[in-house]
Amino acid sequence: QALRGPRRVESVRASHNIDALLGRALATNRSLVCLNVVDNGLGPEFAKAVAKSVATRFCALRYLNLSRNNVGDEGAEALFLALSDKETNLTYLNLRNNGIDAAGYQQLPMALEPGNRIRYLGLAENSPFDVSLAEDIVSSLRHNPKLRLLDFGDIKFNRKTLTVLVEAAQSLRTGINFSSRRSGSSPAANMGNLLFQQWTGTKVTFPRF
């Protein structure tokens, strides 16, 4: 019921049916622009329900912060596929610390292809991926002028993967963050919030995370 009127939701606590209920609400949402549900333990089913809803032009959601919600590989894969849908309005997605392993990144290059709307993607504090996938990611980014910031903070890449990403970052339009946030709030995420406000004109006070 709350999603039918306000433009912003700060927190939603998990319940038995929240994934299905929120999924249905978002699918026909015309007014909610920002959804911030950090650290609620919502899980992959919730992420898949949200992904299904945002992969349509009828959902107005543009900012989605799912940090620390255990969405895992299945949830991440569904969300990356949603980002690749040309009808989605989503421009900001934060999946920090969600237990995403190598298998969950397989659709990431598709999410970053030219023509997609995403401008900030936060993947910090998840598991690393291999050099082959890094090369596919770079290939997508070379032709994508819209993505402004890709946050890989605190991901422990091996030397080959890190070399591919760092060398590419020097010539890409997209900024890539590798720095740690262990000692405070994330500069990359805070910058993403500021960029979102510039793009949309939506004045929102975002919590530190």
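This is a predicted model: local features need pLDDT of at least 70, side-chain atom pairs count only at pLDDT 80 or more; totals for chains, interfaces and linings use all residues.
Local features need pLDDT of at least 70 and side-chain atom pairs pLDDT 80 or more, while totals for chains, interfaces and linings use all residues.

**Stop 1: a helix pair**

Select α2 (residues 43-54) and α3 (residues 72-83). Helices here are DSSP runs of H or I with at least four residues, strands are E runs of at least two, and both are numbered from the N terminus. The two axes come within 8 Å and cross at roughly 10°; they are lines fitted to C-alpha atoms over the stretch in contact, with angles from 0 to 180 degrees between N-to-C directions. The helices are therefore roughly parallel to each other (an angle under 35 degrees).

Now show the side chains. On α2, the contact (heavy atoms within 4.5 Å) involves Pro44, Glu45, Ala47, Lys48, Ala51 and Val54. Facing them on α3 are Glu74, Gly75, Ala78, Leu79 and Ala82.

**Stop 2: charges on the pair**

Stay here and pick glutamate 45 and lysine 48, which form a salt bridge with closest N and O atoms 3.0 Å apart. A salt bridge is a side-chain nitrogen of Lys or Arg within 4 Å of a carboxyl oxygen of Asp or Glu. Being three residues apart in α2, these two are separated by about one helical turn. Shared partners make one network of Glu45, Lys48 and Glu74.

**Stop 3: the largest nonpolar core**

Next, select Phe80, Leu121, Leu123 and Leu150, which touch the most other members of the 48-residue core. Such a core is a set of buried Ala, Val, Leu, Ile, Met, Phe, Trp, Tyr and Cys residues joined through side-chain atoms within 4.5 Å, where buried means under 20% relative accessible area (1.4 Å probe, protein chains only). Helix α3 gives the largest share, six residues. Centre on phenylalanine 80: beyond its neighbours within four places in sequence, its contacts include Leu95, Tyr105, Leu108 and Leu121.

**Stop 4: a buried pair**

Finish at glutamate 125 and arginine 96, whose side chains meet in a salt bridge (2.9 Å, N to O). Both residues are buried.

Notes. Residues are numbered from 1 along each chain as its sequence is written. Side-chain values use heavy atoms; hydrogens and water are left out. Angles under 35 degrees count as roughly parallel, over 145 as roughly antiparallel, 65 to 115 as roughly perpendicular and the rest as oblique. Buried means under 20% relative accessible area, exposed over 50%, partly exposed in between (1.4 Å probe, protein chains only).
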